[in-house]
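Please look through the sequence and the model shown here before reading on.

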Amino acid sequence: MSKKRDPILVTRPLLPDLNDLMVRLQDVWDSKWLSNGGHQHNTLEQRIRERLDVPNVSLFSNGTIALLVAIQSLRLQGEVITTPFTFPATTHVLWWNGVQPVFADIDPETMTLDPASVERVITHRTSGILGVHVYGIPCDVAALGDIADRHGLRVIYDAAHAFEAEIDGVGIGNFGDISMFSFHPTKLFHSGEGGCLTYRDPNLKARIDLLKNFGIRNEFEVIMPGINGKMNELQAALGHLVLEIVDEERARRLRIRQQYERELGDLPGLVIPKVGPGVKDSGQYFVIRIKASEFGADRDQVYDALRSQEIFARKYFFPLTSDYTCYRSLSSARPELLPNAHMVAGEVLCLPYFGELTEDNVSEICDVIRSLARPAAV
Ligand SMILES: Cc1ncc(COP(=O)(O)O)c(C=O)c1O
């Protein structure tokens, strides 16, 4: 009898050789320095700056605290316009800063903030725009930048999914005032937990780095109400090693993407979103959209069918953050104002996507999906 295969999860963390980690940890042990800007942290910060091709980087303990500090560092107040089609952290960090999230709709193709919808909800209280490069698909940075300039707003990008994505050869962390990258283990590049902010204004460095360390200037002076957002040496040591194997993992994933595209690309009602021309794919997610009336089954049926075979796809991002109990009473959260976001949240499914998936795994996943598709008309 053949052995039953393991459940297939949506992702698995990229793990470097444990012996290599031991060598790095020996250095950490020898230094007797575990946090607060040690050697591992400082050298990783420099390497991330080079890899993302950005002028300034601050590393953090996780992406959520990084985004929280980004908003605090720009002193955003009143209202910030954002997308409901995202992970909870994007909306929660506004609330934690005492800022009211104002939801705008998304573009039905790119699934990122629709600039026209953003412009419609600007009021005298608006201080900024918080966009998400969802699945590594860039926001319309030119249009959002133009709106921000005309209305005197700041722009922050949640680039949690967009590590090393580029727009026309420019690192995606160069757009807007600040961008945040997450280094959670579900991300292609990770440091166990972690994250960073990137920004062009060198003057922000001192403020951001103070904010992530309680606002401590020196032994006797605390000059602002900071928080603890520091990346420690163990995280940074792991980050160094994962950075060395990211390119190979991304190449493996892009081959898996090609197999998915070959095996699913011809199914009516199954749409495979792609990054636009001139954009480098971060390799973070493989997402499909199920147009139920054409496909013959809806997204939830596809999800359930995969689950019954112990294949755990994820409905990223459903529900919309505007539908959470903590936000749904906001006037901008009314579903009739967010038709594209509701449509997309009902269609998307992230399929398993990590380098260790075998060709057989991908074929099995595709067979389950194909078995639900409406038979082609003869
Ligand atoms: C869009 C988005 N924003 C923010 C975060 C939060 O990042 P972290 O888990 O590093 O705090 C995530 C996921 O982890 C995310 O997917």
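**The ligand and its surroundings**

The ligand sits in the largest pocket, where a pocket is, on a 1 Å grid over the protein atoms alone, an open set of points with protein on both sides within 12 Å along at least five of seven lines, and where a molecule counts as sitting in a pocket if more than half of its atoms lie within 2 Å of the pocket's grid points. The elements that give two or more residues to the shell around the ligand are helix H3 (63-73), helix H4 (88-96) and strand S8 (178-182); helices (H or I, at least four residues) and strands (E, at least two) are DSSP runs, numbered from the N terminus.

This is a predicted model, in which local features need pLDDT of at least 70 and side-chain atom pairs count only at pLDDT 80 or more, while totals for chains, interfaces and linings use all residues. Residues are numbered from 1 along each chain as its sequence is written, and side-chain values use heavy atoms, with hydrogens and water left out.

Which residues come nearest to the ligand? Of the 15 residues around the ligand, these are Gly63, Thr64, Asp158, His161 and Ser182, and a residue is counted as near if one of its heavy atoms lies within 4 Å of the molecule. By class, the shell has four nonpolar, nine polar and two charged residues; here Ala, Val, Leu, Ile, Met, Phe, Trp, Tyr, Cys and Pro count as nonpolar, Asp, Glu, Lys and Arg as charged, and the others, Gly among them, as polar.

Some side chains can be followed to particular atoms of the ligand. A polar side-chain atom of histidine 161 lies 2.8 Å from a ligand oxygen atom, one of serine 182 lies 2.7 Å from an oxygen atom of the ligand, and an N or O atom in the side chain of lysine 187 is 2.9 Å from a ligand oxygen atom. The protein covers 94% of the 380 Å² of accessible area that the ligand has on its own, with areas taken from the Shrake-Rupley method with a 1.4 Å probe.

**Two open sheets**

Three strands form an open sheet in the order S12-S14-S15, with antiparallel pairing, and two strands are said to pair if DSSP finds at least two bridges between them. The edge strands are strand S12 (270-271) and strand S15 (348-351), each of which pairs on one side only. S12 and strand S14 (residues 286-290) pair in the antiparallel sense over two bridges, and valine 271 stands opposite arginine 289 in S14.

Another open sheet of three strands has the order S7-S6-S13, and its pairing is antiparallel. Its edge strands, each pairing on one side only, are strand S7 (170-171) and strand S13 (279-280). Strand S6 (residues 166-167) pairs with S7 over two bridges, and the bridge partner of isoleucine 167 is valine 170 in S7.

Most residues other than glycine have a negative phi, and most peptide bonds are trans. Phi of aspartate 53, however, is near 55°, a positive value, and this residue lies in the loop between helix H2 (39-52) and strand S1 (56-60). Phi of tyrosine 135 is also positive, near 60°, and tyrosine 135 is in the loop between strand S4 (126-132) and helix H6 (141-151).

A cis peptide bond, with omega about 5°, joins tyrosine 316 and phenylalanine 317, and phenylalanine 317 lies in the loop between helix H10 (299-308) and helix H11 (339-345). A cis peptide bond with omega about 0° joins phenylalanine 318 and proline 319, and proline 319 lies in the loop between H10 and H11.

Note on methods:
A polar contact is a pair of N or O atoms within 3.5 Å; within protein, one must be able to donate a hydrogen and the other to accept it, and residues adjacent in sequence count only if both atoms are side-chain atoms. On a 1 Å grid over the protein atoms alone, a cavity is a set of points where a 1.4 Å probe fits but cannot get out, and a pocket is an open set with protein on both sides within 12 Å along at least five of seven lines; lining residues have an atom within 4 Å of a point.
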